[in-house]
Amino acid sequence: MALRRRRGVRERIAERARYLCEYCLCPESHSLSTFAVEHIHPLGDGGPDEEDNLANSCLGCNGFKGLATTGIDPLTGEEVRLYNPRLDAWAEHFAWSEDTLTVIGQTPIGRATIERLRLNRAGVVNLRSLLKLRGIHPPE
């Protein structure tokens, strides 16, 4: 049986991520859909079906990432690897805008990930705005 289908894996992945999307940091509690357990390095590209290769991901980030492992840095035009929540610290590659509603890329990896996963798509920015009014954004 594939690891992602074993009982408890989804809960462990979500708990490890503090029930946030590991890319856009939106909380699953305020999502219309259950988050996906996403393979950071896709199975079809040789990625392992192990917990160290799994991330908690909202359906938007999961859908825009798809099978991608690289993206284009809009500043340099170079292809770089995408942010990997198992290897990278979010704060090393991303920062919040002054109003905390949009994510700003601090590195080529951060900028490419923002573009590829559309981390500042309208629905996510609107959700951040509402969460901010409730005092629960940005996440700590």
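This is a predicted model: local features need pLDDT of at least 70, side-chain atom pairs count only at pLDDT 80 or more; totals for chains, interfaces and linings use all residues.
Close-up 1. Take Cys24 to begin with: the nearest cysteine sulfur belongs to Cys26 and lies 3.7 Å away, and Cys24 is in no disulfide. Cys24 counts as buried, because its relative accessibility is 1%.

**Close-up 2. Cys58 and Cys61.** Here is another pair to look at side by side. The closest cysteine sulfur to that of Cys58 is in Cys61, at 3.6 Å, which is too far for a bond. Is Cys58 buried or exposed? With a relative accessibility of 9%, Cys58 counts as buried.

**Close-up 3. The buried face of helix α1.** Helix α1 spans residues 9–16, and its buried residues are Val9, Ile13 and Ala14. Looking down the axis of α1, you will find these buried residues within an arc of 130°, so they line one face of the helix. An α-helix has 3.6 residues a turn, so residues three or four places apart point the same way. Among the elements covering the buried residues of α1 are β1 (36–39) and β2 (54–57). After α1 comes Arg18, with a positive phi near 60°.

**Close-up 4. Leu101 in its loop.** Leu101 sits in the loop between β5 (94–96) and β6 (103–105). Leu101 counts as buried, because its relative accessibility is 17%. Which residues does Leu101 touch, leaving aside neighbours within four places in sequence? Its contacts are Asn120, Val125, Arg128, Ser129 and Lys132. Gly71 is 30 residues from Leu101 along the chain, and 23 Å separates their C-alpha atoms.

Notes:
Residues are numbered from 1 along each chain as its sequence is written. Side-chain values use heavy atoms; hydrogens and water are left out. Buried means under 20% relative accessible area, exposed over 50%, partly exposed in between (1.4 Å probe, protein chains only). Helices (H or I, at least four residues) and strands (E, at least two) are DSSP runs, numbered from the N terminus. The arc is that of the directions from the helix axis to the C-beta atoms. Contact means heavy atoms within 4.5 Å. A disulfide is a pair of cysteine sulfur atoms within 2.5 Å.
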